[in-house]
Amino acid sequence: MDADAIAASVYSRLAERQIAIEPGRGFAYRPGELIVSERPSGAMPTGLPSPVDEQHFDEFETEEGFEEEVTHFLFTGIDDPVGRAESLRADGFDASVNHVLFGEPAYLGNPAYLGNPAYLGNPAYLGNPEFMKNPFARNGAIPVRRPTDWADVNGCAGDPPVVLILDTGLATDAGVAAHEDLRAHTVVHQGWKMPGMGVDPSRTDEDETNEDADGFIDRQAGHGTFIAGIVRSIAPNAVIWTEGVLSSFGDGDDWDISRGLEEALARGHVDVVNMSFGCFTDDDLPVKQPKVIRNRIVEAKQQGAVVVAAAGNAGSCRPFWPAALSEVLAVGATDDCGERAWFSNYGPWVDASAPGVDVVSTFLFHNGPVDPAHLLQEAGLLAPGEALPEWIEDPDHYHGWAMWSGTSFSAPRLAAAIARRMCESGLSAEEAAGEVLNPESAVLVEDLGIHIFADQ
């Protein structure tokens, strides 16, 4: 497929995924969608169409105090949802756009790629043939060989902890993990692929099932499988559940993520939740972070779960949601020297940090269209008909393993460290998190909180 066709394919996915960018304000949302909350003591605003979906929460307690029961409604077909949300808030209603949240791997050495969603609307990226011909522009994971130092299962002091990974899901084969090293550690539930408002073929880690069959791996296909491998490598006794709330393009939204967490919690007890995605809001205040996600996180915590989230890759101190919520442990990324990785967000709202540069983990099995021998022959670096030297790797041929960077891959290190401590001690998730993040014995990284070591 030529560069123009590849670019057209990506643009079509943008249209299909319904991603709008608010110019100059650094956040993305679903066009025409509005989330409004109705409380028993208040009426709904007038002039809105009938809602297309609703989520109800019983009364609960937060760190700020008591919250009465509330129902959130999703509306579609709203003109100027950004302006409408602002006017409704001015009138005293709890309203927001349906934010688009992105997974947080780092791309091509540029912290602004998915840390700042505005790149999605920039034709200099997606319309640039040289950018589109680069296989790493489509997916930043680099093929590598299998690591040899993975820990073995050795039993738990109590029941094996359950780590829920809300992400792109898990690459599967006949109802089990496609990756052999994950099969004994993952549970593949029926219905883990979240349909949202309609069946979405991209809401899966199995890239080949997508309609855009251009031969390249989608921008974040394999993201959930990669994170599952990180958890398995640090906490081999944990049981890993996955829930598909991001597309293989890398996007999810407030409404679907809340619904995905709701369905996962309904399946049974969860000890640790990992969220390697997030977004900015227009004024960086939590009032613009829709309460439909926060309420669901509070629900998970009330059931005994600890919630961990990626701090984001914009290299910024701006609060990144949901990581910046007080109920969530925000995790930034460090480099090989234990310093803040150049792409990692930072600030007083970040609770912890962990290695996030050149992380190696499980990935997809995929052989893309790039032929390195042909490219080298065209460049005059390889004689016509000469075979590719063994020491040169095919950049888009994956054998189930990859290397990737981002706060996406720092967050599951903390989630896994908590699960591992639960196994070692028999503690609850909250107690184990307190021990892992014990300030009395902690190593601190400036603006990134307590450092979690790779083997913790």
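Student: How many helices and strands does the secondary structure of the chain come to?

Tutor: The chain comes to 12 helices and 23 strands, where helices (H or I, at least four residues) and strands (E, at least two) are DSSP runs, numbered from the N terminus. This is a predicted model, in which local features need pLDDT of at least 70 and side-chain atom pairs count only at pLDDT 80 or more, while totals for chains, interfaces and linings use all residues. Residues are numbered from 1 along each chain as its sequence is written, and side-chain values use heavy atoms, with hydrogens and water left out.

Student: Why is H7 called mostly covered?

Tutor: A residue is buried under 20% relative accessible area, exposed over 50% and partly exposed in between, with a 1.4 Å probe and protein chains only. By that rule 11 of the 12 residues of H7 are buried, including Phe226, Ile227, Ile230 and Val231. In the chain, buried residues make up 57% of the 456 residues.

Student: How do you know that cysteine 156 and cysteine 423 form a disulfide?

Tutor: A disulfide is a pair of cysteine sulfur atoms within 2.5 Å, and the sulfur atoms of cysteine 156 and cysteine 423 are 1.8 Å apart, so the pair qualifies. The pair links distant parts of the chain, 267 residues apart, with cysteine 156 in the loop between strand E8 (142-143) and strand E9 (162-167) and cysteine 423 in helix H11 (residues 411-425). The structure holds one disulfide.

Student: Which of these two cysteines is buried, and which is partly exposed?

Tutor: Cysteine 423 has a relative accessible area of 8%, and is therefore buried, whereas cysteine 156, at 25% relative accessibility, counts as partly exposed.

Student: What makes the contact between H7 and H11?

Tutor: The axes of H7 and H11 come within 8 Å and cross at roughly 35°. Contact means heavy atoms within 4.5 Å, and it is made by Ile227, Ile230, Val231 and Ile234 of H7 together with Pro412, Arg413, Ala416, Ala417 and Arg420 of H11. By class, this contact of H7 with H11 has seven nonpolar, no polar and two charged residues, where Ala, Val, Leu, Ile, Met, Phe, Trp, Tyr, Cys and Pro count as nonpolar, Asp, Glu, Lys and Arg as charged, and the others, Gly among them, as polar.

Student: Why is aspartate 80 called exposed, and why is aspartate 358 called partly exposed?

Tutor: Aspartate 80 has a relative accessible area of 53%, which puts it in the exposed class, while aspartate 358, at 42%, is partly exposed. Aspartate 80, in the loop between strand E6 (70-75) and helix H2 (81-90), has a positive phi near 50° in a residue other than glycine. Aspartate 358, in the loop between E19 and strand E20 (359-367), has a positive phi of about 55° although it is not a glycine.

Terms used:
Axes are lines fitted to C-alpha atoms, for helices over the stretch in contact, and angles run from 0 to 180 degrees between N-to-C directions.
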